Amino acid sequence: MAKAQGQARTTKQLQTIWDAVKDDKSHPTADQIYDRVRRKLPSISLGTVYRNLQKLVADEKLQVLMRGRSQHFDPLVERHQHFICERC
C-alpha cells in the first residue's frame, strides 16, 4: 500500500489488515477480518482492527456495506451493485 503525501504512516497492523481484505470478494465483517489477521499478528486487538478498517474507509480503500446492523467491508470502491438473496 503506497503512502500518499500528507497521509499517516502505514503500520504493520494496517498493512496486515489491508492484505487480509484487499482481494476479498466475500464482504467480510470486522470479526472475520480480525480472525484472519490474528493468524499473523496474534496479539492484535479487535479495537485495533476496527480503527484500521475505519482508516482504510477514510482513505477510500474500502467501503462499508450495512446488512442489518452488521458492517461488511468491500475493497471494490467503484460503484457497483450488491445482490442479496432473501429466500435461501
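Predicted model: local features only at pLDDT ≥ 70, side-chain atom pairs only at ≥ 80, totals over all residues.
Visitor: What covers the buried residues of α1?

Guide: The cover includes α2 and α3. Residues are numbered from 1 along each chain as its sequence is written, and side-chain values use heavy atoms, with hydrogens and water left out.

Visitor: Which residues of α1 are buried?

Guide: "Buried" is a cut-off: under 20% relative accessible area, with exposed over 50% and partly exposed in between (1.4 Å probe, protein chains only). In α1, the buried residues are L14, T16, I17, W18, A20 and V21. For the protein as a whole, 31% of the 88 residues are buried.

Visitor: How many helices and strands does the protein have?

Guide: Helices (H or I, at least four residues) and strands (E, at least two) are DSSP runs, numbered from the N terminus. Here you'll find three helices and two strands, and along the sequence they follow the pattern α-α-α-β-β.

Visitor: How do the axes of α1 and α3 lie?

Guide: Two packed helices are described by the angle between their axes and the distance between the axes. The axes are lines fitted to C-alpha atoms, for helices over the stretch in contact, and angles run from 0 to 180 degrees between N-to-C directions. Helix α1 covers residues 12–21 and helix α3 residues 46–58; their axes come within 10 Å and cross at roughly 75°. Angles under 35 degrees count as roughly parallel, over 145 as roughly antiparallel, 65 to 115 as roughly perpendicular and the rest as oblique, so α1 and α3 are roughly perpendicular to each other. Contact means heavy atoms within 4.5 Å; on the α1 side, Q13, L14, I17 and W18 make it, and on the α3 side T48, V49, N52, L53 and L56 do. By class, this contact of α1 with α3 has six nonpolar, three polar and no charged residues. (Nonpolar here is Ala, Val, Leu, Ile, Met, Phe, Trp, Tyr, Cys and Pro; charged is Asp, Glu, Lys and Arg; the others, Gly among them, are polar.)

Visitor: And at what angle do α1 and α2 cross?

Guide: At roughly 125°, with axes that come within 9 Å, so α1 and α2 are oblique to each other. T16, I17, A20 and V21 of α1 meet I33, R36, V37 and K40 of α2. Five of the residues in this contact are nonpolar, one is polar and two are charged.

Visitor: What does T16 touch, leaving out residues up to four places away in sequence?

Guide: V37, K40 and L41. T16 is in helix α1 and counts as buried because its relative accessibility is 13%.

Visitor: Is Y50 buried, exposed or partly exposed?

Guide: Partly exposed, at 36% relative accessibility. Y50 is in helix α3 and, leaving aside its neighbours within four places in sequence, is in contact with A30 and D31.

Visitor: Which residues have the most contacts inside the largest nonpolar core?

Guide: A nonpolar core is a set of buried Ala, Val, Leu, Ile, Met, Phe, Trp, Tyr and Cys residues joined through side-chain atoms within 4.5 Å. The largest one has 16 residues, and I17, I33, V37, I44, V49, L53 and L62 have the most contacts inside it. Each of α1, α2 and α3 supplies at least two residues, and α1 gives the most, with five. Now pick out I33: leaving aside neighbours within four places in sequence, I33 is in contact with I17, V21, P28, V49, L53 and F73.

Visitor: Where does H27 lie?

Guide: In the loop between α1 and α2 (30–40). H27 has a positive phi of about 60° although it is not a glycine, and at 21% relative accessibility it counts as partly exposed. E60 also deserves a look: its phi is near 60°, a positive value in a residue other than glycine. E60 sits in the loop between α3 and β1 (63–67) and is exposed, with a relative accessible area of 62%.
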